[in-house]
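Got a model on the screen and wondering what the labels on it really stand for? Have a look first, then we'll go through them.

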Amino acid sequence: MPVIPGCRHDLFVSYAHADNFDSLDGTKDITRLYNSLRAVLRQRLGTREEELSVFFDSQNRANDQLGDMLDAASNSALLLIVGSPSWAGSDFCPQELAAFHGSRGDLRNIFVAEHLPLLPGDTYPAPITDHVRFRFHRAVSEESSTRIPMTPEDDSRLYRDRIYSLAEQIVERLVQLRETGVAKASAPAVAASASTPSRVMVASGNIDLPKGAKRALIAEPTDDLEDEVAQVRAHLEQYDIHVLPVASSYDGMDQFLSEYNAALGQASMMIQLVGPHVGRKPPAMPTGKARHQYDAAIAAGVPVMQWRNPELQLDPVPDDHRDLLETEHVICSTLSEFKARLVDALQPEPEPEPAQVALEAGQFLFVDADDRDREAIDRVLDELEDTGLLCMGPEPESTDAKARLADLEQNFTSCDALILLHGNAPSTWVKSQLVLFTKLSAKRNEKLKLMAICKGPPGPKEDIKFRLANAQVIDCGENWDMTDVRKLVSSLSA
């Protein structure tokens, strides 16, 4: 039984069987990656074997059962692509992507674990052309551009860390989908057909962004920092911060330099994670890849934020590399603290606060909360009973899932004011409701006059960073004190 209601599978694994050859110990490469990932997913989710449904074709059925494969892909909550030249050149694999994307739509439901890099000049098909990739390959040496698949024998720590990083992102998305119950398509469908291109040109970073939005450019790291860079990228994209796409240097040095320099012209900030390794020094970058990217950003006048692990010992680092780890732009902190500072630094330029619109008697105030805060809902509704507003809460969890979602969507699109109660539910629930409300805003006939996130017991609560007109956070203390909420509603009703 899958973790996500309404889906046949929680995860569909799309890979090229040509990549799944026997390793030295007799284990197939992709099968081993799948087994390792599945074990960590179950560990992180705390589920039994039968409670996590993952579709993994171990029999190479695509040749004679393509229809069944595409049906399984389109009925899965998430898609994991094991990317490689064989995957991109396959007649079948891109069709699995198209079938899934046509059903689910949201790119946050797609993950890419790259077994080997594509050939220079090649790229993945839309919509994953510029998608984040968890690289399960490494250079033969720091000086070499030759890439080989990672193995748990030769790269035990790096392999393990990358499995856990990938699993963490998948688990986070599964939890979001489980709480919202929304896994259906939210973007235009892409039809599955045999003509789906396996190779397309690299997409441009010139896309329409909201007014005042900022663009981030993440420097290509050395192999030992790829997991941390993937975490930074995923964190920024979670906050809808656009990360400029740049080809990997392993896909071709000329293309990399051309796209990196072009991205500098659009970037609001260059982000670089630095460590003890100098990395490659190809002829085009004689000072090293890390140093070249930093110097180019400084020369272009682009603001720079760098991160270094506070536990890193600098004494063994060569002198010609150590100064890059000690520039005025280096932040020596935990990665979590660095990610939070990036989000703050890359927030859009604030627009003038719109004038608040008065609430009138008889208008609709929707009080939304997780079922774990059902008692708080009743208490808040009682407190606001004499405001003259129609105050209503959500359907209980016992209601049919489809009916409950339909009721939630109706309330989000028709309410005049919205209060989210943040009590026993985790912060991810609040974030998922904000995302759903934002997506449904296009269906509203009028702008929302008031939104408040009311924090109650148990505390303390994580600060949720978001920007939304007429929205604010109110601390209601340990007893759901609605005094400040009543004042706010009264001021808008006056």
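This is a predicted model: local features need pLDDT of at least 70, side-chain atom pairs count only at pLDDT 80 or more; totals for chains, interfaces and linings use all residues.

Q: Why is the pair R135 and E114 called a salt bridge?
A: The rule asks for a side-chain nitrogen of Lys or Arg within 4 Å of a carboxyl oxygen of Asp or Glu. The closest N and O atoms of R135 and E114 are 3.8 Å apart, so the pair passes under that rule. R135 sits in strand β5 (residues 133–135) and E114 in strand β4 (residues 110–114), 21 residues apart, so the pair links distant parts of the chain. Strands here are DSSP runs of E with at least two residues, and helices are runs of H or I with at least four, numbered from the N terminus.

Q: Are R135 and E114 buried or exposed, and how do you know?
A: Buried means under 20% relative accessible area, exposed means over 50%, and partly exposed is in between (1.4 Å probe, protein chains only). R135 comes out at 17%, so it counts as buried. E114 has 1% and therefore counts as buried too.

Q: What makes R291 and D323 a salt bridge, and where do they sit?
A: Their closest N and O atoms are 2.7 Å apart, and they do form a salt bridge. R291 is in helix α8 (residues 289–299), while D323 is in the loop between α9 (319–322) and β12, 32 residues away, which makes this another link between distant parts of the chain. R291 is buried because its relative accessible area is 15%. D323 has 41%, so it counts as partly exposed.

Q: How many salt bridges are there, and which residues share partners in one network?
A: The structure holds 24 salt bridges. Through shared partners, E114, R133, R135, R147, R162, E226 and D227 are joined into one network.

Q: What makes β4 mostly covered, and which way do its side chains point?
A: Five of its five residues are buried. I110, V112 and E114 point one way and F111 and A113 the other way. In a regular strand the side chains alternate between the two faces of the sheet.

Q: How do you know which strands β4 pairs with?
A: Two strands pair if DSSP finds at least two bridges between them. Five bridges join strand β3 (residues 76–83) to β4, running parallel, and β4 and β5 pair in the parallel sense over three bridges. For instance, I81 has V112 as its bridge partner in β4, and V112 stands opposite R133 in β5.

Q: Why are β9 and β12 called edge strands?
A: Five strands form an open sheet in the order β9-β8-β10-β11-β12, with parallel pairing. The edge strands β9 (242–243) and β12 (330–332) each pair on one side only. In β12, V330 is the bridge partner of Q306.

Q: What makes D240 and W480 worth a look?
A: Most residues other than glycine have a negative phi, and most peptide bonds are trans. D240 has a positive phi of about 60° although it is not a glycine, and phi of W480 is near 55°, also a positive value. D240 has 73% relative accessibility, so it counts as exposed. W480 has 7% and therefore counts as buried.

Q: Which peptide bonds are cis?
A: Among them are the bond from A126 to P127, with omega near 15°, and the one joining P457 and P458, with omega about -5°.

Methods:
Residues are numbered from 1 along each chain as its sequence is written. Side-chain values use heavy atoms; hydrogens and water are left out.
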